[in-house]
Amino acid sequence: MREKRTPRPEPMAEADGIIEGRNAVIEALRAGAPIDKIFIAKGETDAALGHIASTARGKGIVVVEADRRKLDAMSRTHAHQGVIAQAAVREYATVDDILNAAREKGEPPLIVVCDELSDPHNLGAVIRTAECAGAHGVIIPKRRSAGLTAIVAKTSAGAVSHVPVARVPNLTALLKELKEEGVWIFGTAADGNTTLYDADLKGPAAIVIGSEGSGMGRLVAEQCDFKVSIPMKGKLNSLNASAAAAILLYEAVRQRLG
């Protein structure tokens with residue numbers, strides 16, 4: 001009788017609670033993110049790492065010296081710069097949290113909705129730009145999307161500690177709810193019927209960024225009040241998702257400052 005084979009274990013998923021790189025860890029400490037432990041490369045005399053260690057100890061956080069092989073093994077980005085923080089898993093915000101953040105500031109909501117951005121570098125870049133532009137939050141779907149992983153935290157340069165990120169089961173239903181709250185939906189589309197500079201982004205606005213390959217899904221696109229096209233003067237006809245988000249966000253900033 002043949003022995004029953006033991007199934008191979010599934011590979012471990014990226015943990016949301018790993019924060020890598022000096023800037024990302026410094027920003028997490030500054031923002032008061034819940035950090036359990038910080039690993040710093042053994043024998044390093046770099047001033048930035050010394051600052052991280054002293055700040056962490058001042059907050060009662062355990063600091064552990066680890067050799068580089070251990071850090072390399074823990075690292076997901078392979079660019080840890082000699083420091084990795086082990087944080088509690090970041091809790092996702094709710095859509096109400098994002099809308100309330102706008103109300104508390106007395107500002108019309110400015111929200112970024114990511115339709116299935118699977119590349120964590122793109123999501124991190126979008127979150128970073130959203131923070132810099134003063135957006136009140138980012139919304140992602142639960143499925144077929146990058147989450148708040150270590151790579152996202154690194155790419156966002158710590159912005160994940162400052163921008164509420166909500167995760168919802170159904171983007172189409174979410175967009176309907178936002179419309180009921182008086183938010184206008186602006187989708188990015190190469191064949192959009194509204195040009196970037198004709199879009200009125202001064203009021204309550206949600207900017208929908210499509211996936212890297214196929215753009216917005218059909219059902220999501222149908223919920224958009226406006227489909228916005230970005231002027232393209234070169235030979236290519238599309239932009240990276242995070243670049244498109246940056247262009248629309250800063251057009252919103254320009255209009256709101258005016």
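**Before you select anything**

The model is predicted: local features need pLDDT of at least 70, side-chain atom pairs count only at pLDDT 80 or more, and totals for chains, interfaces and linings use all residues. Residues are numbered from 1 along each chain as its sequence is written, and side-chain values use heavy atoms, with hydrogens and water left out.

**Stop 1: the whole protein**

Show the C-alpha trace. Along its principal axes it spans about 65 × 55 × 40 Å. Switch to cartoon: the protein has 9 helices and 11 strands. Both are DSSP runs numbered from the N terminus, helices being H or I with at least four residues and strands E with at least two. Of the 258 residues, 47% are buried (under 20% relative accessible area with a 1.4 Å probe, protein chains only). Take contacts (heavy atoms within 4.5 Å) between residues at least 6 apart in sequence: 81% of them join residues at least 24 apart.

**Stop 2: H1 and H2**

Select residues 22–31 for H1 and 47–58 for H2. Their axes come within 11 Å and cross at roughly 25 degrees. Axes are lines fitted to C-alpha atoms, for helices over the stretch in contact, and angles run from 0 to 180 degrees between N-to-C directions. H1 and H2 are therefore roughly parallel (an angle under 35 degrees). The crossing is left-handed, with the near helix turned anticlockwise from the far one by less than a right angle.

Now show side chains. From H1, pick Arg 22, Val 25, Ile 26 and Leu 29; they meet Ala 48, Leu 49, Ile 52, Thr 55 and Ala 56 of H2. By class, this contact has 7 nonpolar, 1 polar and 1 charged residues.

**Stop 3: Glu 27**

Stay in H1 and pick Glu 27. Its side chain joins that of Arg 30 through a polar contact of 2.6 Å. Such a contact is a pair of N or O atoms within 3.5 Å; within protein, one must be able to donate a hydrogen and the other to accept it, and residues adjacent in sequence count only if both atoms are side-chain atoms. Leaving aside residues up to four places away in sequence, Glu 27 touches Ala 157, Gly 158 and His 162.

**Stop 4: H5 and H9**

Select residues 120–132 for H5 and 241–257 for H9. Here the axes come within 8 Å and cross at roughly 15 degrees. That makes H5 roughly parallel to H9. H5 passes H9 in a right-handed crossing (clockwise). Among the H5 residues in this contact are Asn 122, Ala 125 and Cys 132. Partners in H9 include Ser 242, Leu 249 and Tyr 250.

Terms used:
Parallel < 35°, antiparallel > 145°, perpendicular 65-115°, else oblique. Nonpolar A, V, L, I, M, F, W, Y, C, P; charged D, E, K, R; others polar. Buried < 20%, exposed > 50% of the residue type's maximum accessible area, 1.4 Å probe, protein only.
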